[in-house]
Amino acid sequence: MQFQQLQYFVAVAETRHFTRAADLVHVAQPSLSQQIKALERELGADLFLRARGNITLTDAGEALLPLARRILADADTARHEVQELAQLRGGRVRLGATPSVCTGLLPDVLRAFHDRYPGIRLLIEEGGSHDLVRELARGALDLALVVLPLPTPAPALTTVELLREDLVVVSSPDAPRPGGGRRTVRVADLEGERLVMFRHGYDLRELTVAACRAEGFEPDFAVEGGEMDAVLGFVRAGLGVAVVPRMVAARSGRGLRVTPLARPGLHRTIALAHRSDVAPPRAARELQRMLLER
């Protein structure tokens with residue numbers, strides 16, 4: 001049974017005329033008749049009672065008609081949905097990002113993407129780079145914004161550097177300035193400061209702890225284990241200072257003092273990653289383009 005044969009069958013059933021049905025589906029009448037006969041042979045039953053000027057459905061034809069209409073309707077729906085997706089009017093994008101990137105970089109880009117493609121659902125998963133790389137590898141994400149270098153080698157991923165971002169020290173305006181009140185502080189000045197530290201698995205945690213150890217001291221944690229919003233809240237409350245991306249500090253609003261790190265400072269590189277062996281869906285490629293051109 002062929003899809004085209006069902007189209008011809010429905011056309012004849014609706015017009016009750018072979019010639020008019022052939023015109024309706026834009027095919028020669030002999031070809032339509034041959035396809036109807038082939039369908040009848042395939043099913044083992046006549047579908048029409050043929051009399052001069054009077055075409056009627058047999059019992060078999062009556063049984064087939066609603067099923068054929070449903071099949072054709074489902075095919076039309078499938079075609080429409082694929083076209084909608086191809087034209088970026090529907091579908092979804094599964095994007096992974098570290099929490100600090102969600103706070104700093106993503107809001108403006110996602111707003112612009114949603115304004116342009118309101119029919120596309122955005123599914124965001126927050127996590128550390130290690131977790132996001134694993135989710136990419138198993139196909140649970142289309143794209144991910146990760147911190148370079150990756151925690152483990154990932155030859156199956158393609159990464160494109162997106163930005164290099166400075167880190168700054170944030171503190172409560174009611175607390176003494178870190179570093180003795182200077183306009184900039186060094187990593188070494190954080191010795192003796194109580195730090196509000198992110199949970200394990202956070203890229204910023206590993207980067208900050210490694211920088212302190214490179215200066216010869218172990219950081220002193222006032223509180224640890226928080227996500228980005230919690231860390232900023234604890235700093236506002238005066239529990240300690242934290243090292244965060246400049247973009248996050250700029251978006252954090254009132255209640256925080258921002259102090260740059262003296263050169264060479266601390267930086268992190270954000271990259272856009274996707275699987276090398278599978279092309280991202282069309283909608284994901286469009287979001288990728290907007291991120292790279294932001």
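Angles between axes under 35 degrees count as roughly parallel, over 145 as roughly antiparallel, 65 to 115 as roughly perpendicular and the rest as oblique. This is a predicted model, in which local features need pLDDT of at least 70, side-chain atom pairs count only at pLDDT 80 or more, and totals for chains, interfaces and linings use all residues. Residues are numbered from 1 along each chain as its sequence is written, and side-chain values use heavy atoms, with hydrogens and water left out.

**Stop 1: two helices.** Select α6 (residues 106-116) and α11 (residues 282-292). Their axes come within 10 Å and cross at roughly 130°. The two helices are therefore oblique to each other. Axes here are lines fitted to C-alpha atoms, for helices over the stretch in contact, and angles run from 0 to 180 degrees between N-to-C directions.

**Stop 2: their contact.** Show side chains. L106, V109, L110, A112, F113 and R116 of α6 meet A283, E286, L287, R289, M290 and L291 of α11 (heavy atoms within 4.5 Å). Nine of the contact residues are nonpolar, none polar and three charged.

**Stop 3**

Stop 4: Move to β1 (residues 48-51) and β2. The strands run antiparallel, joined by four bridges. A51 has N54 as its bridge partner. Two residues lie between the strands, and G53 in the turn has a positive phi of about 75°.

**Stop 5: the faces of β2.** Select residues 54-57.

Definitions and conventions: Ala, Val, Leu, Ile, Met, Phe, Trp, Tyr, Cys and Pro count as nonpolar, Asp, Glu, Lys and Arg as charged, and the others, Gly among them, as polar. Buried means under 20% relative accessible area, exposed over 50%, partly exposed in between (1.4 Å probe, protein chains only). Two strands pair if DSSP finds at least two bridges between them.
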